[in-house]
Amino acid sequence: MGNMTVMSADQMSIGEMLAATVPMARTLNLEFLETTPDKAVVALPDQGDYHNHVGGPHAGAMFTLGESASGAIVLAAFGDQLSRAVPLAVSAEIAYKKLAMGAVTATATLGRPAAEVVAELDAGERPEFPVMIEIQRADGAVTGEMTVVWTLRPNG
């Protein structure tokens, strides 16, 4: 059970790290609910300042939510590689499926095993890997689907 305390300290530090280094995450008051190497869950509270013309969360706010969730899982999965590589988003694609209203939550998962990505880094390559994100309303309906392709760019 000793691992559980380590995990929760890591969860906090990733959310805090993103909030400290990504001002947009602070601006939108994103809540980092869960960050593990397997899954990151980030919530966007319902805030009038970030609504669109129909009173739901603005597309740009949802994009930032999904991108932040993908960043959180990248930090959780590859945090131990940061001394030798910097994670960068290469491309992003988002599909708005249903009208989002109220608070929304993004859940990110890695599209490739982390060990495979690290092996490519070990081999002197610059690995790329997709992160899949689902954005859901409070009722569980999926309002958006997003894929962000990340790379670990070796330092030097």
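In which loop is Asn29 found? In this predicted model, Asn29 belongs to the loop that runs between α2 (23–27) and β1 (31–35).

View 1. Asn29 is not a glycine, yet its phi is positive, at about 55°. Most residues other than glycine have a negative phi. Asn29 counts as partly exposed because its relative accessibility is 41%, a value in between the limits of under 20% for buried and over 50% for exposed.

**View 2. The largest nonpolar core.** This core comprises 37 residues. Those with the most contacts inside the core are Leu30, Leu65, Phe78, Phe129, Val131 and Ile133. At least two core residues are supplied by each of the helices α1 (2–21), α3 (59–78) and α4 (114–122), and likewise by each of the strands β2 (40–44), β4 (104–110), β5 (128–137) and β6 (142–154). The element that gives the most is α3, with 11 residues.

**View 3. Surroundings of Leu30.** Leu30 is listed among the residues with the most contacts inside the largest nonpolar core. With neighbours within four places in sequence left aside, the contacts of Leu30 are Ala25, Val42, Ala43, Leu44, Thr64, Leu65 and Ser68. Leu65, one of these partners, is likewise listed among the residues with the most contacts inside the core.

**View 4. Ala85 in strand β3.** Ala85 is placed in strand β3, which covers residues 85–96. The relative accessibility of Ala85 is 2%, and the residue therefore counts as buried, the limit being under 20%. Apart from residues up to four places away in sequence, Ala85 touches Leu121, Leu152, Arg153, Pro154 and Asn155. Met146 lies 61 residues from Ala85 along the chain, and the C-alpha atoms of the two are separated by 24 Å.

**View 5. The largest pocket and its lining.** The largest pocket holds about 230 Å³ of space. Its lining consists of 13 residues, and Leu18, Val22, Gly71, Leu75 and Trp150 are those nearest the centre of the pocket. By residue class, the lining divides into 8 nonpolar, 4 polar and 1 charged. Helices α1 and α3 each supply at least two lining residues.

Terms used: Residues numbered from 1 in each chain as written. Predicted model: local features only at pLDDT ≥ 70, side-chain atom pairs only at ≥ 80, totals over all residues. Heavy atoms only, no water. Core = buried A, V, L, I, M, F, W, Y, C linked by side-chain atoms within 4.5 Å. Buried < 20%, exposed > 50% of the residue type's maximum accessible area, 1.4 Å probe, protein only. Helix = DSSP H or I, 4+ residues; strand = E, 2+ residues; numbered from the N terminus. Contact = heavy atoms within 4.5 Å. 1 Å grid on protein atoms, 1.4 Å probe; cavity = no way out; pocket = protein on both sides within 12 Å on 5 of 7 lines; lining within 4 Å. Points joined across faces, edges and corners; volume = space filled by probe spheres on them. Nonpolar A, V, L, I, M, F, W, Y, C, P; charged D, E, K, R; others polar.
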